Amino acid sequence: MTEKQLQRLREKEEKARLKLEKELARTEELSVYERRFAHKGRIAGIDEVGRGPLAGPVVACAVILPTDHPILYLNDSKKLSAKKRDELYEVILKEAVAYGIGMESPETIDRINILQATYSAMRKAIAALDPPAEFLLNDAVTIPGVSLPQCPIIKGDAKSVSIAAASIVAKVTRDRMMEDYDRIYPGYSFAKNKGYGTAEHIAAIREMGLCPIHRRSFTGNFV
């Protein structure tokens with residue numbers, strides 16, 4: 001190997017080292033709430049996805065991250081590419097101390113309203129944790145009907161590694177469900193719009209009517 005090649009290798013290694021240091025520092029900064037409440041015991045981050053769409057379930061996730069090593073590159077799921085979310089989804093499920101997923105159907109959303117359905121999905125996600133959580137970090141909301149102490153954090157998916165992990169698992173779970181529904185109910189482009197009210201989706205509703213996973217309480221203006 002020539003001296004020039006060695007220099008390039010050293011520069012590449014140094015660049016990788018600096019990148020890792022930067023990510024470790026960012027992850028440390030995102031762990032401020034986890035450190036603040038560490039004395040409370042097992043901390044679960046909680047987030048949901050799917051409050052706004054015209055179709056499909058609302059999905060919540062609760063994640064307890066390991067305390068002996070960080071999972072890097074966690075962030076608000078909306079700030080990550082689909083490929084990165086898929087990669088982190090696998091890492092989180094493999095390395096988490098525990099994770100739980102809860103969801104409520106379009107029928108339940110129509111019956112009890114989206115807010116109460118979201119709370120119900122969150123309670124289901126918390127109940128699915130094994131081992132159970134001892135303290136909750138929630139994205140923005142205080143969840144009623146939960147006996148555990150909890151801390152709501154505005155924009156928590158961008159401020160807490162635990163909530164960020166929950167946001168990623170919830171989004172990937174729901175996105176994959178909507179891709180499956182696209183094959184079952186073709187014509188609405190669910191794989192593309194994930195049930196949200198895009199112009200294309202609304203046009204499809206007006207042309208074909210509603211399918212079984214549409215939220216009737218969300219679609220009165222189009223039918």
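Me: What makes Tyr185 partly exposed?

Reply: Tyr185 has a relative accessible area of 22%. Buried means under 20%, exposed over 50%, and partly exposed in between (1.4 Å probe, protein chains only), so 22% puts Tyr185 in the middle class. Bear in mind that this is a predicted model, where local features need pLDDT of at least 70, side-chain atom pairs count only at pLDDT 80 or more, and totals for chains, interfaces and linings use all residues. Residues are numbered from 1 along each chain as its sequence is written, and side-chain values use heavy atoms, with hydrogens and water left out.

Me: Why is the pair of Tyr181 and Tyr185 called stacked?

Reply: Rings of Phe, Tyr and Trp (its six-membered ring) pair if their centres lie within 6.5 Å; planes under 30 degrees apart are stacked, over 60 edge-to-face, the rest tilted. Here the centres are 6.2 Å apart and the planes make 25 degrees, so both tests are passed. Tyr181 is partly exposed too, at 22%.

Me: What makes Arg176 count as lying over the face of Tyr89?

Reply: The rule asks for NZ of Lys or CZ of Arg within 6 Å of the ring centre and within 35 degrees of the ring normal. Arg176 is at 4.6 Å from the centre of the Tyr89 ring. Arg215 does likewise over Phe218, 5.0 Å from the ring centre.

Me: Why are β3 and β5 called edges of the sheet?

Reply: Strands are DSSP runs of E, at least two residues, and helices are runs of H or I, at least four, numbered from the N terminus. Two strands pair if DSSP finds at least two bridges between them. The sheet is open, in the order β3-β2-β1-β4-β5. β3 (98-104) and β5 (150-153) each have a single partner strand, so one side of each lacks a neighbour in the sheet. β2 (residues 58-64) and β3 pair in the antiparallel sense over seven bridges.

Me: Which residues touch the most other members of the largest nonpolar core?

Reply: Val63, Leu65, Leu74, Ile92 and Ile168, out of 22 residues. Such a core is a set of buried Ala, Val, Leu, Ile, Met, Phe, Trp, Tyr and Cys residues joined through side-chain atoms within 4.5 Å. α6 gives the most, with nine residues.
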